Amino acid sequence: MKNKKLVGTVAALSLGASLLAGCSTGGSKDDGKTHIEFFSTKVENSNTYKELIKDFEKKNPKIAIDLTSPPDAGTVIKTRLTKNDLPDIIASGDDTTFTNLADSGELLDLSNKSFKDNIQPAFIDMVKKDYKKSSALYGIPYATNGNGVIYNKDKFEKLGINETPKTWDEFIADLDKAKAAGEIPIYFTLKDAWTGMVALNSVASPVGADQFAKDKTDGKTTFKKSYSEVADKLVTLEKYGHKDNLGVAYGDGNTAFAQGKGVFYLQGNWAIPEILKANPDAKLGVFPFPATNDVKQNKLVSGIDVLFSETKATKHQKEADKFIEFLASQDSAQTYTKEQKSFSAVNGVTQDDPTLAGYKDSFANGNIAGYADHFFPASLNAPNIVQDFFIKKNKDAFLTKMDKEWDKVANRK
């Protein structure tokens, strides 16, 4: 799942404390082993990590890896940062949680680590763009994702849709065909505000995420100028949802889609394992979101879903290095990629699942666009603003607020 932004709450402190006590996979602290706390901000991949940890501990019996994977992990890690209680290794997305940690000065520069050479250089360059000291490497890219459209292959066959849409008009035609047949064209889960950003990132991909952010910061553009068509298309898409678009959460949406509710699902590949848990027999496919009628402009929105960082707080850098080196090996990365239905930043690791075949050409040809919201200011709180837009459908108010909140953040600096 795409990681949520850092939000500080007192309630999360007690929640985090209880979860931290219950999620460890290593032995007791007096077992003669060196314990490494491995903190993950993504709960869906915990079982995969646990199996990899077992393998690592068999090969390294003097090292114990203690996995911590709480819900609302961004809040928990922020609380721990303020209490000078950071874990040894943090696995996070390339998002504001990671950016804030990198800019805080609490992460180690991993530029000289040998395991860096296992990673595709393009993803190394990508991660370095996201924090102030771009000469340092504060995160080792591991898993990458595709933010596009998941579809039900059985529904396609029933509706007589022979190929995935390549343009916006083709997509709308397919949505109309699904609606006319009494199907739910798109299954939305907008009760969780972050899921609205999946749609926004897809629709906004032709805008150019990094250039827009630079121009907006420099006063050369605004959301009103650059995002008017994006807003219109979001309203259009929402009309093809179900009766309670804003009343269904992500987890329930995965289950509903697995049960055959909906033809299309605007989600990243991270949702596929969750859908298949609910229905292992579901026949799924994916395709890049066709944001425009110009095929050349339509790109797969992709980013780094998981990267590994070491904190300056660790007292066991040698052992932490050894674990990351193990995870970044081809064998470990192939296991992760297969189980998590992801793509890999590790050299030589391939994704061969036919479910994800619709993304292969985009990755092979470099036809990729970055996440728009990864370049938004950390405290913009875009998910809630976008969610409010889906409720009220007031384009002018939406774009005005996005501009106002961005400028407010910029003026604090």
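Is lysine 395 buried, partly exposed or exposed, and what is its relative accessible area? Lysine 395 is partly exposed, with a relative accessible area of 28%, where buried means under 20% relative accessible area, exposed over 50%, and partly exposed in between (1.4 Å probe, protein chains only).

The legends below describe a predicted model, in which local features need pLDDT of at least 70 and side-chain atom pairs count only at pLDDT 80 or more, while totals for chains, interfaces and linings use all residues. Residues are numbered from 1 along each chain as its sequence is written, and side-chain values use heavy atoms, with hydrogens and water left out.

View 1. The side chains of aspartate 232 and lysine 395 meet in a salt bridge at 3.2 Å, N to O, the term standing for a side-chain nitrogen of Lys or Arg within 4 Å of a carboxyl oxygen of Asp or Glu. Because aspartate 232 lies in helix H11 (residues 228-238) and lysine 395 in helix H18, the pair ties together parts that are 163 residues apart in sequence; helices (H or I, at least four residues) and strands (E, at least two) are DSSP runs, numbered from the N terminus. Aspartate 232 is partly exposed, at a relative accessible area of 38%. A salt bridge also joins aspartate 407 and lysine 216 (3.2 Å, N to O). Aspartate 407 belongs to helix H18 (residues 395-411) and lysine 216 to helix H9, so this pair ties together parts that are 191 residues apart in sequence. Aspartate 407 is partly exposed at 33% relative accessibility, whereas lysine 216 is buried at 5%.

**View 2. The salt bridge between glutamate 183 and lysine 158.** The structure holds 20 salt bridges, and in the one between glutamate 183 and lysine 158 the closest N and O atoms are 3.2 Å apart. The pair links distant parts of the chain, with glutamate 183 in the loop between H7 and helix H8 (194-203) and lysine 158 in helix H6 (residues 153-159), 25 residues apart. Glutamate 183 is buried, with a relative accessible area of 12%, but lysine 158 is exposed, with a relative accessible area of 63%.

**View 3. Two edge-to-face phenylalanine pairs.** The structure holds 33 aromatic pairs, counted where rings of Phe, Tyr and Trp (its six-membered ring) have centres within 6.5 Å, with planes under 30 degrees apart taken as stacked, over 60 as edge-to-face and the rest as tilted. Phenylalanine 171 and phenylalanine 287 form an edge-to-face pair, 6.1 Å centre to centre with 75° between the planes. Phenylalanine 171 lies in helix H7 (residues 168-180) and phenylalanine 287 in strand S7 (residues 284-287), so the pair ties together parts that are 116 residues apart in sequence. Phenylalanine 171 is buried at a relative accessible area of 0%, and phenylalanine 287 is buried at 2%. The rings of phenylalanine 212 and phenylalanine 223 have centres 4.9 Å apart and planes at 65°, so this pair is edge-to-face. It links phenylalanine 212 in helix H9 with phenylalanine 223 in helix H10 (residues 223-226), 11 residues apart. Phenylalanine 212 is buried, with a relative accessible area of 4%, and phenylalanine 223 counts as buried at 1%.

**View 4. Lysines over aromatic rings.** Lysine 179 lies over the face of tyrosine 240, at 5.6 Å from the ring centre, and lysine 233 lies over the face of tryptophan 168, at 4.8 Å from the ring centre. A charge is taken to sit over a ring if NZ of Lys or CZ of Arg is within 6 Å of the ring centre and within 35 degrees of the ring normal.

**View 5. Residues with positive phi.** Most residues other than glycine have a negative phi. Lysine 341, in the loop between helix H15 (330-340) and S9, has a positive phi of about 55° although it is not a glycine, and counts as buried at 15% relative accessibility. Asparagine 381, in the loop between S10 and helix H17 (382-392), is likewise not a glycine and has a positive phi of about 60°; at 39% relative accessibility, asparagine 381 counts as partly exposed.
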